[in-house]
Amino acid sequence: MHPFYREEDLFPREFTQAIERPWGVLYHNPDNPDSYDSNHALIYRDRVENLPAVLREIADFYLSRGGRPIIYQSILDDGWFGDIAGDLAAAGYRSWQEAQHWMLLDSDSAIRATADVRRVTAWTDDLATHLYEAAGEPWEIAVAKRQLENPNTLYFAAYEDDKPVGAIYGHVNDEGVCRIDYLLVATAHRGKGLGRALTHAFVRHCRENRIPCALWPDGDTPRRIYEEAGFRYVCTMMAGRASWNQ
């Protein structure tokens, strides 16, 4: 699973600026300030020599650019932010941990889907209107546009009345493994099975092209969809997050 964990840390390189630091990475996109994945620091436990100095450097970087300092712990440092919660609080951050229940594509999809799902290779403005804005997630528009500029992106959209109302997308990294980045359905079209149809199309492509694929679902409903699509639970990793609280 290590190739997938490494990509969990590094996937924002696909759509935002990545500034390398000795202790990790500063991700920054001033044109899309509402996207947390586009604007956060990634830190590695074994690269941090002076934690208070690193936390101050991160705060200074984002505050000087008008943003909120946000920090992601490397997923490889499972549970670390629980150990340093006091240090984070002393530096002005509110921290918490999130359980990521990792799943690996292991078998064929059992989903029987009849929706109109198409592979998308270039951005079209109707995606913004009928999907992202209709789903109440306009900050994801800039992310999706950038990802569709990358040839390693896999993007599938579901259509109703020839309008895109759902999408699933991910990317294949340099190690040849796929991370599913996002699954979204416009609010008015939820409950119609489009999430299942999109997931089925995505995993069928991965299986046909022998692309190893993993993800962690955000909730019980996505988890059930992914299980039906052929994913199995592997392990739980504790992801650390911190946000400036001053």
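The model is predicted, so local features need pLDDT of at least 70, side-chain atom pairs count only at pLDDT 80 or more, and totals for chains, interfaces and linings use all residues. Residues are numbered from 1 along each chain as its sequence is written, and side-chain values use heavy atoms, with hydrogens and water left out.

Helices (H or I, at least four residues) and strands (E, at least two) are DSSP runs, numbered from the N terminus. A residue is buried under 20% relative accessible area, exposed over 50%, and partly exposed in between (1.4 Å probe, protein chains only).

Start with helix α2, residues 51-63. How far apart are its end C-alpha atoms? They are 18 Å apart. At 1.5 Å a residue, the 13 residues of α2 should span 18 Å, which agrees. The expected span of a helix is 1.5 Å times one less than its number of residues. Now look at which residues of α2 are buried. They are Leu51, Val54, Leu55, Ile58, Ala59, Phe61 and Tyr62. Seen down the axis of α2, these buried residues fall within an arc of 165°, so they line one face of the helix. The arc is that of the directions from the helix axis to the C-beta atoms. The N-terminal end of α2 has a cap, Asn50. A side-chain oxygen of Asn50 lies 3.2 Å from the backbone nitrogen of Ala53.

Move on to strand β5, residues 93-105, which holds Gln100. Gln100 is buried, with a relative accessible area of 1%. Its side chain makes polar contacts. A polar contact is a pair of N or O atoms within 3.5 Å; within protein, one must be able to donate a hydrogen and the other to accept it, and residues adjacent in sequence count only if both atoms are side-chain atoms. Another, of 3.2 Å, joins the side chains of Gln100 and Trp102.

Next comes a pair of helices. Helix α5 (residues 125-132) packs against helix α6 (residues 140-148) at an angle of about 140°. Their axes are 11 Å apart. That angle makes α5 oblique to α6. Axes are lines fitted to C-alpha atoms, for helices over the stretch in contact, and angles run from 0 to 180 degrees between N-to-C directions. Angles under 35 degrees count as roughly parallel, over 145 as roughly antiparallel, 65 to 115 as roughly perpendicular and the rest as oblique. The crossing of α5 and α6 is right-handed. A crossing is right-handed if the near helix is turned clockwise from the far one by less than a right angle, and left-handed if anticlockwise.

Now follow strand β7, residues 153-160, to Tyr159. Tyr159 is buried, with a relative accessible area of 13%. Tyr159 and Asp116 are 43 residues apart along the chain, and their C-alpha atoms are separated by 5.4 Å. The loop between β7 and β8 holds Asp161. Is Asp161 buried or exposed? Asp161 is exposed, with a relative accessible area of 72%. Asp161 is not a glycine, although its phi is positive, about 55°. Strand β8 holds Gly166. Gly166 is buried, with a relative accessible area of 0%. Gly166 and Val117 are 49 residues apart in sequence and 8.9 Å apart in space, C-alpha to C-alpha.

The tour ends at helix α7, residues 194-208. At 1.5 Å a residue, its 15 residues should span 21 Å. The end C-alpha atoms of α7 are 21 Å apart, which agrees. Of the 15 residues of α7, 11 are buried, so this helix is largely enclosed by the rest of the structure. Among the buried ones are Leu194, Phe202 and Val203. Cys206 also lies in α7. Cys206 is buried, with a relative accessible area of 1%. Cys206 and Thr129 are 77 residues apart along the chain, and their C-alpha atoms are separated by 28 Å.

Helix α7 packs against helix α8 (residues 220-228) at an angle of about 40°, with their axes 10 Å apart. That makes α7 oblique to α8. Their crossing is right-handed. In the loop between α7 and β10 sits Arg210. Arg210 has a positive phi of about 55° and is not a glycine. Arg210 is exposed, with a relative accessible area of 77%.
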